[in-house]
Amino acid sequence: MKNLFSFTAHFGTEEDCRNHFKTEIDKQGVFCECESEEHFWMKSIWQHECKKCRSRTSLRSGIIMQNSNLPFLIWYKTMFLMSVRKKGFLAKEIQNQLGLKRYEPVCGMVYKLRKAMGNRDARYTLEGMIEFDEFYFTVEPSEIEKEKGFRGKGTVGKQNVAIMVESTPLEDTDIVKKEKQIRFFKAKVLDVYNGELISKAIKELIDNQSIVFTDRTISYVDIADFVELHIMEKSSKETTQETLKWVHIAISNAKRNLLGNYHRIKRKYLQFYLNEFIYKLNRRYLGDKLFERLVIANITGL
């Protein structure tokens, strides 16, 4: 959807949204607990019925909308708002746009959609040539954190985040110069700063046949055990601008985007904000198709 006019032209009513959502569910496939994939559609009650065991499944079953009483139209408007603006919306702003009296259901809806974005991206691992680094993100400290602080490298009001960028080397034969085409990104909140958590993130998020580039940090020494090749370079201006160029651009954009838009993010919710940022970044070339992808994430991203 390019703008509000085109959105309302396609999704002006609750039935418009329901029909579209059913079409997308049918494309993804309806699966019963008995493992049958064959169903009848019972329009009178808006449910699928399994041909084998006769159990029924509603359009909301098994997805992030399952326990929500909000209409499909409200969900669709929220997904449109979250997809149409690169920087995103505060839940309070979305509440105002929707004209709803209560904040809590809107906050819950936005939280679930951000979770679905993260779950959707979690289906894929990065591969090829990977830039890896960490940065500290400013968060709102709790009262306990203010009193006790953090042990080790972490500090009050800061949260360590690992970020990685997948790039494919391209060679320009005319000028004999290697360049990089940036593909996908991932970001992972690290509860504490240590090599064990970094190694775990590498195993979960990066294919073991990859080549990983980092600076020379003691916490990175075990990365070579989990990938094809680990190349470490001493931290310098050249390393930042060349070897780890794109991961630092991503870090800068994340800070500017999230801190400029949301200001005070609680530590326990930071991963969900990063989910939205990375989800949009990975689909930066989709344009108005991002809305459709978010609808699919709603269905498959539980």
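**Entry 1: Arg 54.** I started with Arg 54, which is partly exposed at a relative accessible area of 47%. This is a predicted model, so I am reading everything here as a prediction. Arg 54 sits in the loop between S2 and strand S3 (56–58). Its phi is positive, about 70°, although Arg 54 is not a glycine. I looked that up because most residues other than glycine have a negative phi.

**Entry 2: Glu 35.** Next I checked Glu 35, another residue that is not a glycine but has a positive phi, about 75° here. Where is Glu 35? I found it in the loop between helix H2 (14–28) and S1. Glu 35 counts as exposed, with 70% relative accessible area.

**Entry 3: the hairpin.** Then I turned to the strands. S1 (residues 39–42) and S2 (residues 47–50) run antiparallel, and four bridges join them. Met 42 is opposite Gln 47 in S2. Four residues lie between the two strands of this hairpin, and Trp 46 there has a positive phi near 55°.

I also looked for charges over rings in this part of the sequence. The charged end of Arg 18 sits over the ring of Trp 46, 5.3 Å from the ring centre. Over the ring of Phe 40 I found the charged end of Lys 51, 5.2 Å from the centre.

**Entry 4: cysteines.** How many disulfides does a search of the whole structure find? I got zero. Cys 50 is buried, at 0% relative accessibility.

Cys 53 is in no disulfide either; its nearest cysteine sulfur is that of Cys 32, at 3.4 Å. Is Cys 53 buried or partly exposed? At 39% relative accessibility, I put Cys 53 down as partly exposed.

**Entry 5: aromatic rings.** My search of the whole structure turned up 13 aromatic pairs. I looked at Phe 7 and Phe 80: the ring centres are 4.7 Å apart and the planes meet at 25°, so I call the pair stacked. Phe 7 is in helix H1 (residues 4–10) and Phe 80 in helix H3 (residues 72–84), so this pair ties together parts 73 residues apart in sequence. Phe 7 is buried at 1% relative accessibility, and Phe 80 is buried too, with 5% relative accessible area.

Phe 7 also pairs with Phe 291, edge-to-face this time, with 5.8 Å between centres and 85° between planes. Because Phe 291 lies in helix H11 (residues 290–300) and Phe 7 in H1, the pair links parts that are 284 residues apart in sequence. Phe 291 is buried, at a relative accessible area of 1%.

Which residues form one aromatic cluster? I listed Phe 7, Phe 11, Phe 21, Phe 72, Tyr 76, Phe 80 and Phe 291.

**Entry 6: the largest pocket.** The largest pocket has a volume of about 460 Å³. It is lined by 18 residues, and the closest to its centre are Lys 86, Lys 87, Lys 280, Leu 281 and Arg 284. I also noted which helices contribute: H3, helix H9 (245–262), helix H10 (270–282) and H11 each supply at least two residues of the lining.

Definitions and conventions
Residues numbered from 1 in each chain as written. Predicted model: local features only at pLDDT ≥ 70, side-chain atom pairs only at ≥ 80, totals over all residues. Heavy atoms only, no water. Pairing = 2+ DSSP bridges. Phe/Tyr/Trp six-rings, centres within 6.5 Å; stacked < 30°, edge-to-face > 60°. Buried < 20%, exposed > 50% of the residue type's maximum accessible area, 1.4 Å probe, protein only. Lys NZ or Arg CZ within 6 Å of the ring centre and 35° of its normal. Disulfide = S-S within 2.5 Å. 1 Å grid on protein atoms, 1.4 Å probe; cavity = no way out; pocket = protein on both sides within 12 Å on 5 of 7 lines; lining within 4 Å. Points joined across faces, edges and corners; volume = space filled by probe spheres on them.
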